[in-house]
Amino acid sequence: MEILFSVLRFGLVSCPSCGGYGVQDSLLCRECEDEVFRLLNPQVESFEGWTVRSLFSWNPGESNALSALLLGLKGRYRKKAWRFWAEVFSRHHFGALGENGPIFSISAPLRSRKSLGDHASHWMEAVSELHAMSFRGSPFHKATRGVQRKKSLEDRRGGLRLVKKTEETFEKDGLWVLGDDIMTTGETARAVHRALGRPLRFEVWCLARRRIGSRPVDV
Ligand SMILES: [Zn+2]
């Protein structure tokens, strides 16, 4: 019966971690969901003058279930699963915006001018609704490869190039919250911060904070 409900909810989706059916709203089967919940590690971190909030600390070698979830969430038709994780995130970062003043939220830059809403926008749309933030979608897309390729290596090191999708100018007085699924080096966040005109108050809300160079915990 549980499998039947799962099929009705998600179509013929199997757990991205173990391949089993009986997928829950989280996108995982009950067992893999349990494993991922044991790894919950909500953190508030100071990063280059901003605040970074996350739900998981991710080291790809550490848990197959968590890695499979993060990759699975990048797929199509994952809006419901993103909503589930947005609710978990909001419970653990409750009261994060306990201050006055305008709050704007945006999702990570799209891959190209033509691409529409993607996983980052599902994430931020759900989180924004739960925190009553004014969601602006994704105002930037990444510069095409051609543009990147023309630049010298030295310029490319200067950071990811973003292109504005509209002529809109951005308020610098409020708090800007950028949503992305995974934050690794902060390169995307840095590019968005720069493209917004370096607002004084800037936060990144991500599902997972990827640790670089950290060794798998052998326990
Ligand atoms: Zn599973």
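Helices here are DSSP runs of H or I with at least four residues, and strands are runs of E with at least two, numbered from the N terminus. By that count, this predicted model has eight helices and eight strands. The protein has 219 residues, and 33% of them are buried.

**Contacts across the chain**
- Take the contacts in the protein with a separation of 6 or more: 71% of them come from residues 24 or more positions apart.

**Helix 2 against helix 3**
- Helix 2 covers residues 30-38, and helix 3 covers residues 64-72.
- The two helices pack with their axes 8 Å apart, at an angle of about 100 degrees.
- Angles of 65 to 115 degrees count as roughly perpendicular, so helix 2 is roughly perpendicular to helix 3.
- Helix 2 brings Cys32, Glu35 and Val36 to the contact.
- Helix 3 brings Ala65, Leu66 and Leu69.
- Of the residues in this contact, five are nonpolar, one is charged and none is polar.
- Glu counts as charged, so Glu35 is the charged one.

**Strand 1 beside strand 2**
- Strand 1 spans residues 43-47, and strand 2 spans residues 50-58.
- The two strands run antiparallel, and five bridges join them.
- Ser46 has Thr51 of strand 2 as its bridge partner.
- Strand 1 and strand 2 form a hairpin, with two residues between the strands.
- In this hairpin, Glu48 takes a positive phi near 50 degrees.
- As a general rule, side chains in a regular strand alternate between the two faces of the sheet.

Terms used
Residues numbered from 1 in each chain as written. Predicted model: local features only at pLDDT ≥ 70, side-chain atom pairs only at ≥ 80, totals over all residues. Buried ≥ 20, exposed ≤ 12 C-beta atoms within 10 Å, placed from the backbone. Contact = placed C-beta atoms within 7 Å. Axes fitted to C-alpha atoms, helices over the stretch in contact; angles between N-to-C directions. Parallel < 35°, antiparallel > 145°, perpendicular 65-115°, else oblique. Pairing = 2+ DSSP bridges.
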